[in-house]
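Open the structure in your viewer and keep the sequence panel at hand. This tour goes stop by stop, telling you what to select and what is there.

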Amino acid sequence: MISVLFAVLTAISNGSASVLQRRAASTVPDAVAMKLALIKHLLRQRVWLMGIGLVIVAAVCQAVALATGPIAVVQPIFVIELPSTLLIAGYTFRIRLPRRIWYAVAAVTGGLALGMATAAPGGGSESVSGYAWIPALVATGIFEAVVITWALRLRGNPRAALLGLAAACGYALTAALMKDAMARLTNGGVVAMLTSWQIYGTAVAGVGALFLLQNALQAGMLAFSQPMLTLGDALISITYGVVLFGETVRTGWWLVPELAAIALIAAGCLELARSPLASGGPPPKPRVR
């Protein structure tokens, strides 16, 4: 229950951060895309700094969640970050959300419930044993190189989608490294964690993922980057959980409802990401009471 609670808190913080960062990144000129000047431009915007503050809060909550539960359970819960953000924004600005948004929220939450019930993720070890990280890191590097190279050949929304996928892989890797580092903290204390390469790998992967996300948000609409980010993070994290930590998920005929769950989540995220509240556009006029 602790891991689920902190996973939900992480999702809320991350979803709110994505909206704030999208609002800031949408003002960045194309000339600084995929350059460090992008970050320099964003650092001058208060709304982006607020988003970074929420990212830090999310990182702390995620560390607690991963230290107390399997990665294949914790990471998929993050798909609720966009629905929760829109609901909070609607309540804060006293906006009556249209019926299609509520249907989309139901699709995402229902898809998550269906996916978790049918996949039944769990088990596994708290840390990665031996040299299992080597092939995992090599495979991740190849995947990122292919996706980023492909993205750089495109413009607009297709680039946003691919960079969103690359960012998702970076965040999934960050979560796996963080879980391994937290296991060393639990078993050997602060010294064991600080002398492990995983804690520093977590920082590098997290910064890289954040950089890719900013470029995804700058490249095109949130409706293209957010579904790839949301689903990519969940699915790649489950892969890390199974391959590195020995966690288990159901296969066989269970794949049918699991694919249905993925379709529901994807459709819901796509609809939610098209909302002006999610894309950083001006909110609708408040209701008259």
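The stops below begin with the whole chain and then turn to helix contacts, one threonine and the aromatic rings.

**Stop 1: the whole chain**

Bear in mind that this is a predicted model. Show the chain as a cartoon. You will find twelve helices and zero strands. Now colour by burial. Of the 289 residues in the chain, 49% are buried.

**Stop 2: H3 and H8**

Two packed helices are described by the angle between their axes and the distance between the axes. Select residues 46–68, helix H3, and residues 157–194, helix H8. Their axes are 9 Å apart, and the packing angle is about 65°. The crossing of H3 past H8 is right-handed.

Which residues of H3 and H8 meet here? Show side chains to see.

- From H3, pick Ala-59, Gln-62, Ala-63, Leu-66 and Ala-67.
- From H8, pick Ala-175, Met-178, Lys-179 and Met-182.

The residues of this contact of H3 with H8 comprise seven nonpolar, one polar and one charged.

Lys-179 lies over the face of the Phe-245 ring, 5.9 Å from the ring centre.

**Stop 3: Thr-174**

Stay on helix H8 and select Thr-174. Is Thr-174 buried or exposed? Thr-174 is buried, because its relative accessible area is 7%, and the limit is under 20%. Leaving aside residues up to four places away in sequence, Thr-174 touches Thr-202, Ala-205 and Gly-206. Next, draw a line from the C-alpha atom of Thr-174 to that of Ala-59. The two atoms are separated by 10.0 Å, while the residues are 115 apart along the chain.

**Stop 4: H10 and H11**

Select helix H10, residues 222–245, and helix H11, residues 255–273. The axes come within 8 Å and cross at roughly 150°. H10 passes H11 in a right-handed crossing. Show the side chains of the contact.

- H10 contributes Leu-222, Ala-223, Gln-226, Pro-227, Thr-230, Leu-231 and Leu-235.
- H11 contributes Ile-262, Ile-265, Ala-266, Cys-269, Leu-270 and Ala-273.

Between H10 and H11, the contact residues are eleven nonpolar, two polar and no charged.

**Stop 5: the aromatic pairs**

How many aromatic pairs does a search of the whole structure find? There are two.

For one of them, select Trp-133 and Trp-197. The ring centres are 5.7 Å apart and the planes stand at 80°, so the pair is edge-to-face. The pair links distant parts of the chain: Trp-133 is in helix H7 (residues 133–152) and Trp-197 in helix H9 (residues 197–219), 64 residues apart. Trp-133 is buried, with a relative accessible area of 5%. Trp-197 is partly exposed, at 41%.

Now move to Trp-253 and Trp-254. This aromatic pair is stacked, with 4.3 Å from centre to centre and 25° between the planes. Trp-253 is exposed, with a relative accessible area of 58%. Trp-254 is partly exposed, at 24%.

Arg-250 lies over the face of Trp-254, at 4.1 Å from the ring centre.

How values were computed:
Residues numbered from 1 in each chain as written. Predicted model: local features only at pLDDT ≥ 70, side-chain atom pairs only at ≥ 80, totals over all residues. Heavy atoms only, no water. Phe/Tyr/Trp six-rings, centres within 6.5 Å; stacked < 30°, edge-to-face > 60°. Helix = DSSP H or I, 4+ residues; strand = E, 2+ residues; numbered from the N terminus. Buried < 20%, exposed > 50% of the residue type's maximum accessible area, 1.4 Å probe, protein only. Lys NZ or Arg CZ within 6 Å of the ring centre and 35° of its normal. Axes fitted to C-alpha atoms, helices over the stretch in contact; angles between N-to-C directions. Left-handed = near helix turned anticlockwise from the far one by under 90°. Contact = heavy atoms within 4.5 Å. Nonpolar A, V, L, I, M, F, W, Y, C, P; charged D, E, K, R; others polar.
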